[in-house]
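Notes follow in the order I looked things up.

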Amino acid sequence: MSTATTATLLRLGMAVAVLSTAGVEPAAAQDHLFDEVRLGGLMAADKTDTNDEKGGFVEAMALFDPWGRNEADGLQKLIRPRIHVGATMSTAGEASQIFGGFSWTVDLGDGFFVEGGVGGTLHNGRLRVDGTDGPKLGCALLFHEYAAAGINLDAHWRVIAQIEHSSHANLCGDTNNGLTRGGVLIGYKF
């Protein structure tokens, strides 16, 4: 990708990170644009020769609750996903991403929960085999999925272990190394 495209993706990612911290003030939950914001660090989980990504990744994520998942009971919670948007920024020149999609959370009791999300991502990584190390992703727009497990520390703060994957499912060419990363995020739920 061009330097201009990379710079644009980085600016969009920074905008998402800045917007995810907006509205952090004590008030009723319905007064907040965001249902939850998260910030954390990830590392490449796929360390094969073709996918070896260097450095770490800083991730910012915001979750919205437009369909009232928090107020729902039982199975109603599963048919009311939250919307997530976020950005993952590389610390070592690897692929950075902006992403969005839908998230489902299942409360397990005693403060524990599991979560899954699906959506799409736009990245600035290499598309084709070019003799360089690291993943070759085939196209700039990919599917993005994640699975997470977490614990609520109190009514607002939570810690989440997360693994995520981005690829195009062989829909835009043969090159599809994908991105697989895992790490820990700290969340603040309004």
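Predicted model: local features only at pLDDT ≥ 70, side-chain atom pairs only at ≥ 80, totals over all residues.

Before naming strands, a reminder to myself: a strand here is a DSSP run of E with at least two residues, and the numbering starts from the N terminus. By that count, phenylalanine 102 belongs to strand β4.

Confidence check. The chain averages 86, and 84% of its residues reach 70 or more. Where pLDDT is low, the coordinates should not be read in detail, and I left it at that.

Surface. Which residues make the nonpolar patch? I noted Trp67, Leu75, Leu78, Ile79, Phe102, Trp104, Val106, Leu108, Phe112, Val114 and Val118, together making about 1,000 Å². Two elements give two or more residues to the patch, β4 (97-109) and β5 (112-123). β4 gives the most, with four residues.

Why does phenylalanine 102 count as partly exposed? Its relative accessible area is 36%, and partly exposed runs between the 20% limit for buried and the 50% limit for exposed. Patch residues need over 30%, so phenylalanine 102 clears that cut-off.

Inside. I then went to lysine 77, in the loop between β2 (56-64) and β3 (82-90). Lysine 77 is buried yet has no salt bridge. Leaving out residues up to four places away in sequence, lysine 77 touches Arg69, Asn70, Ala72 and Asp107.

Methods: Residues numbered from 1 in each chain as written. Heavy atoms only, no water. Patch = residues over 30% accessible without salt bridge, like charges linked within 9 Å, V, L, I, M, F, W, Y side chains within 5 Å. Areas by Shrake-Rupley, 256 points an atom, 1.4 Å probe, with all protein chains shown as cover. Salt bridge = Lys/Arg side-chain N within 4 Å of Asp/Glu carboxyl O. Buried < 20%, exposed > 50% of the residue type's maximum accessible area, 1.4 Å probe, protein only. Lys, Arg positive; Asp, Glu negative; His and termini not counted. Contact = heavy atoms within 4.5 Å. pLDDT = per-residue confidence, 0-100.
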